[in-house]
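Keep the sequence and the 3D view open as you read.

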Amino acid sequence: MKAATALAVLLGGHLLLGIARLPGRVWQRRVAEVRAYREAGAARFLLERAKLDGADEIEWLLANVPADHVVLWRWPADGALEFVAALLAPRLVVDERAVPDDATTFAGRPIATSANGRIVVQGTEHGGLRIHGR
Amino acid sequence: MRLDRVVTGMLLALAIFWIGASAFVRGDGVPDWWLPAALAGGLFTGLATGRGEPAATSEPTPRWASWTLAALVAVAFAALAYGAVATPSRHWDGAASFDAKVFWLTRAPTLQQPFFEAAGVFHHGPDYPLLQALLVAMAERLAPGFGRLVLAMLYLLLVGVAAAALRPRAMPPLVRVALTGCLALTPALLTPGGGAADSGYSEVALLVATTTIAGGLLNRSTLWFGLGIGLAVVTKPEGAIYAVAAVAVAFVGGNRRLLVAGFAGLLVALGTWSPVRAVLLHQPSTSLWWQGLAGATLACWAALAATERLPRPAVGRWALALAAPLALLLALPVIAPWFAPESAIGVYMRQAARWHQGLANLPDYLAAMLAYGITRLRLGLTFVVPLAALAIARARRAPLAAGGVGAFLGFGLVSTALPFVLSPEPDLQHHLRSSLPRLLLHWIGPAWLLTAALLQPWHDQDPPRT
């Protein structure tokens, strides 16, 4: 009987923990998270939550590179660079080593350039992003 | 309409969808009618031919209990549906990896486009299995803006799988309802964060697969066992390891019917996934993977033949089961080159030759297991309850009827050490923090079904009330 009571207490404790979290942690936190995402925009929300820099660079690329273009990237690929391909879509993000120096297109898409040459995005040692050729 | 038949129908629908989609996606694209056709086909088959186990007790479930559970699940489902649809993914892997695949597959559900085909394109986790991404993409094409509802529907399917798996168990209906509620209300499934059901990660889809496997073991359902194994392989890279663990459990248990079903699920999944994976990894030929499939088929036949020759009770099988992981560990440096270095498993295989150095990570891993599995309560008391039930069952000398599920859960929990023994990350604590909670999440379904199996003998022993 004592064993059954102990197990009932454990099961009840687990259920109560789950139920108690529904109003606050499940609903309120989710609503707040959605609001913060909408206010900050995808790039700033995701990178700041991940404690990474680079939101300004992503927003610059979104504003200055047409949607059908290719943006080149340079190693290292960790940190904020992991988000670049998803946040810049439908722009393709392509390893600059896979593109010949004199190429102007990749897979039929124009490669993004500026007056300073090809635009290349690179991860920094501090988890941010650097744009070459801006 | 019986819940278990609907659930079986949904699991069949997922399998049918994947088998067709894996072929279509390598060609001109998955047709928009394929998702509804697979759903209709799976549900029809499940309802028409499903031989759901009869409920083990005629004692009716109190109506208040059923309605309370339904209301709680509805509140949770509503939160997940809102969270899934309100924005794209709001956490790391969901946004960086899964959303990118879904974006391109929604525009054109084919691999014949530069994002997947062209070497050099930044593609995070290129060889992650595509079942969930294809499901969301095809749903998005049918109902723009609502495709991510699939994520919340997978949560409902998970609850349904647990409820249907518990249905044939002889136990008081209230306990059955409570166990289903325990799984449904696990904090890590519902609290916003990486791995939550609406996060865009594939954790819940894989949890559906592991819970289906455990349900198959619990109720000796060959259909569920094979379906769960197949779905695990095409959902996440670690699903293949779980599938092999499930087959090993059937082998050790000497259950030939389950073993055949497990092999069928494994081989169909490998046969459909391998050619897709070859395209994603830009491999010029699929011959390496077909060789692997042929090798796996041979191993399956050898294991089936061995089940007839090995002694029973299975001392020999247990010895083999214990020797197998050791042999695998020693063989790692040999098989490592078979995995592409950029693949999800390949990044760990690069460390294979130094696995013995990785053993030094075990103390940190065990401390993290305690924190993320128990003390932080992210999983509630999921792993405490079966331990308590086991201790009490031992003390009462109750017969244990949980061998298969217990072994599967044991294999699974031990397998969570592998990524940290072979960790490619210089920052082990970061790796533990970001990965271990999600790996543990894959095992909460089997843990609750194990609890059910451990509780059942108590019910059997209790004298009938007069």
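## A buried loop residue

B:Ser202 touches B:Phe98, B:Gln132, B:Thr235 and B:Lys236, leaving aside residues up to four places away in sequence. This is a predicted model. B:Ser202 sits in the loop between helix H9 (187–190) and H10 of chain B. Its relative accessible area is 1%, so B:Ser202 is buried. B:Ser202 and B:Gly94 are 108 residues apart in sequence. In space, their C-alpha atoms are 8.5 Å apart.

## A covered helix

One of the contacts of B:Ser202 is B:Gln132. B:Gln132 is among the buried residues of H6(B). Helix H6 of chain B covers residues 131–142, which makes 12 residues. From first C-alpha to last, H6(B) reaches 17 Å, close to the 16 Å expected at 1.5 Å a residue.

How many of the 12 residues of H6(B) are buried? The count is nine, so this helix is mostly covered. The buried ones are B:Leu131, B:Gln132, B:Ala133, B:Leu134, B:Leu135, B:Val136, B:Ala137, B:Met138 and B:Ala139. What do they pack against? Their partners in chain B are helix H1 (3–24), helix H2 (34–49), helix H4 (92–107), helix H7 (149–166), helix H10 (203–219) and helix H11 (222–233).

Two packed helices are described by the angle between their axes and the distance between the axes.

| Helix pair | Angle | Axis distance |
|---|---|---|
| H1(B) and H6(B) | about 90° | 11 Å apart |
| H18(B) and H22(B) | about 50° | 10 Å apart |
| H1(A) and H3(B) | roughly 10° | within 10 Å |

Start with H1(B) and H6(B). They pack at an angle of about 90°, and are therefore roughly perpendicular to each other. From H1(B) come B:Leu14, B:Phe17, B:Trp18 and B:Ala21. They meet B:Leu131, B:Leu134, B:Leu135 and B:Met138 in H6(B). The contact holds eight nonpolar residues, no polar and no charged. An α-helix has 3.6 residues a turn, so residues three or four places apart point the same way.

Helix H18 (residues 362–375) and helix H22 (residues 428–441) of chain B pack at about 50°. That angle makes H18(B) oblique to H22(B). Their crossing is right-handed. H18(B) brings B:Asp364, B:Tyr365, B:Ala368, B:Met369, B:Tyr372 and B:Gly373 to the contact. H22(B) brings B:Leu428, B:Gln429, B:Leu432, B:Arg433, B:Leu436, B:Pro437 and B:Leu440. Nine of the contact residues are nonpolar, two are polar and two are charged.

The last pair joins the two chains named here. Helix H1 (residues 2–40) of chain A crosses helix H3 (residues 63–86) of chain B at roughly 10°. Are H1(A) and H3(B) roughly parallel or roughly perpendicular to each other? An angle under 35 degrees counts as roughly parallel, so H1(A) and H3(B) are roughly parallel. On the H1(A) side, the contact is made by A:Ile19, A:Leu22, A:Val26, A:Trp27, A:Arg30, A:Val31, A:Val34 and A:Arg38. On the H3(B) side, the residues are B:Leu72, B:Val75, B:Ala76, B:Ala78, B:Ala79, B:Leu80, B:Tyr82, B:Gly83 and B:Ala86. The contact of H1(A) with H3(B) has 14 nonpolar residues, one polar and two charged.

## Backbone exceptions and loops

Most residues other than glycine have a negative phi, and most peptide bonds are trans. Phi of A:Lys51 is positive, near 60°. A:Lys51 lies in the loop between helix H2 (42–49) and helix H3 (55–64) of chain A. With 75% relative accessibility, A:Lys51 counts as exposed.

A:Ala107 also has a positive phi, about 50°, although it is not a glycine. Its loop runs between strand S3 (105–106) and strand S4 (109–110) of chain A. A:Ala107 is partly exposed, at a relative accessible area of 45%.

Which residues does the cis peptide bond join? It joins A:Ala89 and A:Pro90, with omega about 15°. A:Pro90 is in the loop between helix H4 (81–88) and strand S2 (92–95) of chain A.

Back in chain B, look at B:Asn255. It is in the loop between helix H12 (237–253) and helix H13 (256–280). Is B:Asn255 buried or exposed? Its relative accessibility is 14%, so B:Asn255 counts as buried. B:Asn255 touches B:Arg220 and B:Ala250, not counting residues up to four places away in sequence.

Technical notes. Residues are numbered from 1 along each chain as its sequence is written. Chains are lettered from A and ligands numbered from 1 in the order in which they are written. This is a predicted model: local features need pLDDT of at least 70, side-chain atom pairs count only at pLDDT 80 or more; totals for chains, interfaces and linings use all residues. Side-chain values use heavy atoms; hydrogens and water are left out. Axes are lines fitted to C-alpha atoms, for helices over the stretch in contact, and angles run from 0 to 180 degrees between N-to-C directions. Helices (H or I, at least four residues) and strands (E, at least two) are DSSP runs, numbered from the N terminus. Angles under 35 degrees count as roughly parallel, over 145 as roughly antiparallel, 65 to 115 as roughly perpendicular and the rest as oblique. A crossing is left-handed if the near helix is turned anticlockwise from the far one by less than a right angle, and right-handed if clockwise. Contact means heavy atoms within 4.5 Å. Ala, Val, Leu, Ile, Met, Phe, Trp, Tyr, Cys and Pro count as nonpolar, Asp, Glu, Lys and Arg as charged, and the others, Gly among them, as polar. The expected span of a helix is 1.5 Å times one less than its number of residues. Buried means under 20% relative accessible area, exposed over 50%, partly exposed in between (1.4 Å probe, protein chains only).
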